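Open the model in your viewer and keep the selection tool to hand. The tour below goes from open space to ring contacts.

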Amino acid sequence: MRPISIIMTAIAAGAIMASCSGDKYVASVTELQLASVSPSSGYSGGIVKILGRNFSGEFGENHVLVGELEAQVLEYNAWDLTIVLPEQEPGIYTITVTTPKGTVTGLQFEYKEKPEHEYILSTIAGGSVGFEDGNGSSAKIHQPEGLAMDRSGNLWITQRGTSGWAIRKMDRNYNVTTVARTELPWHCCFDAEGSFYFTAKDKKAVYRIASDGTLSTVAFTGGELDNPMDVEFDGNGAMWVASRNNNKVYKVSGGVVVKTYDITYPTCLSLDAEGRMFIGSTTAGYMYMVEGDGEPVAIAGNGSYAKSENPNGNAGDTSTASVGQTNGLYAAKDGSIWFTDISNQIVRRLTPDDSGDFTRGKIETVASGFYPSDVYVADNCMSAYVSSATSHTIRLIEIF
């Protein structure tokens, strides 16, 4: 193979010889051409730009088909066309452009499933590893885990990072302060009297911080904790504890375990307005619900907790969804269940059908692209706080 420099010399010599013979080459590209489409994927109704050459500069002379449907042409010149995508089902469609110079095809556009909502994801506190009080990003929060809201609207945060195991508090203006230094805390809640409770994994215990700031261990009999992950109270004042490593959820009343539920690796709990307890798991691949004195019932999931190409499954049948490793969940005021899926790195929402049946409802992705540890949903159900242990942040999701 000859070096490129020799090839280029030969081409140049040939061009000179052609010139000397009087045969002049004139570059004249007049045919219709397509070069690219940007973006190459999106949703029905989106605006995209088609790059090429020799499009028409006259109104009404550029016609664009995406698949078999015609797109609206917003802007046009010889080099690019700006179009509005017609409504189509998800899939890959071929783009065809027709002008007075002819018809050309070849580019493809991928329609994605259109989301039911759009959202803003903001980092409102943390972002740097450490232990330092402050406002917003100036505060340092190392591996924030559990979230709970007190009566004054302060968000309480359990911090498990080695920079300092602690209970932190963030007010409405994103000022972060330290409530207590403590053993390895995980998830948390408030009881009806306003006392704060949290689980301590390594200590195999549940702790309570009273309204006066006193820290104490919550003792009970009839059950043994092994890696307790979350604590919650029901409407009757009974305390529920998810004990992951012995695959149990305990219901404690009067200092005694009154019922035990067998759940594979339970990690998180949340009570809804109707008094039902919802339970998430690391490896079960299901979301569970306990109603009254009944047993846990799987309301979503297909038994897989691995990352999935289509984690949400089919609407109307939540048994087709792969629930993923559920690290935190919250029963929102509107009846939906929000949960953090660390397998797929997304925050998701489970909504029942009109009759209230979760198994016939749907699961959708609320926000994605980061590791979500726990979630707390505001009363308006249009915004939620999310902790992220890997990015050391507290984020705010705002749906619009």
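**Second largest pocket**

Start with the second largest pocket, which holds about 770 Å³ of space. The model is a predicted one. Select Phe190, Glu232, Leu271, Tyr330 and Tyr376: of the 33 residues that line this pocket, these are the closest to its centre. Now colour by strand. β13 (144-149), β17 (185-190), β21, β25 (266-271), β29 (326-331) and β33 (374-377) each give at least two residues to the lining of the second largest pocket. By class, that lining divides into 18 nonpolar, five polar and ten charged residues.

**Largest pocket**

The classes in the lining of the largest pocket are nine nonpolar, nine polar and nine charged residues.

**Aromatic pairs**

The structure holds 13 aromatic pairs. Take Phe220 and Tyr250: the ring centres are 6.5 Å apart and the planes stand at 50°, so this pair counts as tilted. Where in the chain do Phe220 and Tyr250 lie? Phe220 is in the loop between β20 (215-218) and β21 (228-233), while Tyr250 is in strand β23 (residues 248-253). The two are 30 residues apart, and the pair links distant parts of the chain. Are these residues buried or exposed? Phe220 is buried at 14% relative accessibility, and Tyr250 is buried at 6%, because buried means under 20%.

Select Tyr286 and Tyr288 next. Their ring centres lie 6.2 Å apart with the planes at 55°, so this pair is tilted. Tyr286 is partly exposed, with a relative accessible area of 28%, whereas Tyr288 counts as buried at 14%.

For a group of rings, select Trp156, Phe190, Phe196, Phe198 and Tyr207, which ring pairs link into a cluster. Phe190 was also on the list for the second largest pocket, among the residues closest to its centre.

**Charges over rings**

Finish with two arginines. Show Arg181 with Phe131: the charged end of Arg181 sits over the ring of Phe131, 4.1 Å from the ring centre. Then show Arg395 with Phe370, where Arg395 lies over the face of the ring at 4.5 Å from its centre.

Definitions and conventions. Residues are numbered from 1 along each chain as its sequence is written. This is a predicted model: local features need pLDDT of at least 70, side-chain atom pairs count only at pLDDT 80 or more; totals for chains, interfaces and linings use all residues. Side-chain values use heavy atoms; hydrogens and water are left out. Rings of Phe, Tyr and Trp (its six-membered ring) pair if their centres lie within 6.5 Å; planes under 30 degrees apart count as stacked, over 60 as edge-to-face and the rest as tilted. Helices (H or I, at least four residues) and strands (E, at least two) are DSSP runs, numbered from the N terminus. Buried means under 20% relative accessible area, exposed over 50%, partly exposed in between (1.4 Å probe, protein chains only). A charge sits over a ring if NZ of Lys or CZ of Arg is within 6 Å of the ring centre and within 35 degrees of the ring normal. Ala, Val, Leu, Ile, Met, Phe, Trp, Tyr, Cys and Pro count as nonpolar, Asp, Glu, Lys and Arg as charged, and the others, Gly among them, as polar. On a 1 Å grid over the protein atoms alone, a cavity is a set of points where a 1.4 Å probe fits but cannot get out, and a pocket is an open set with protein on both sides within 12 Å along at least five of seven lines; lining residues have an atom within 4 Å of a point. Grid points are joined across faces, edges and corners, and a volume is the space filled by probe spheres set on the points.
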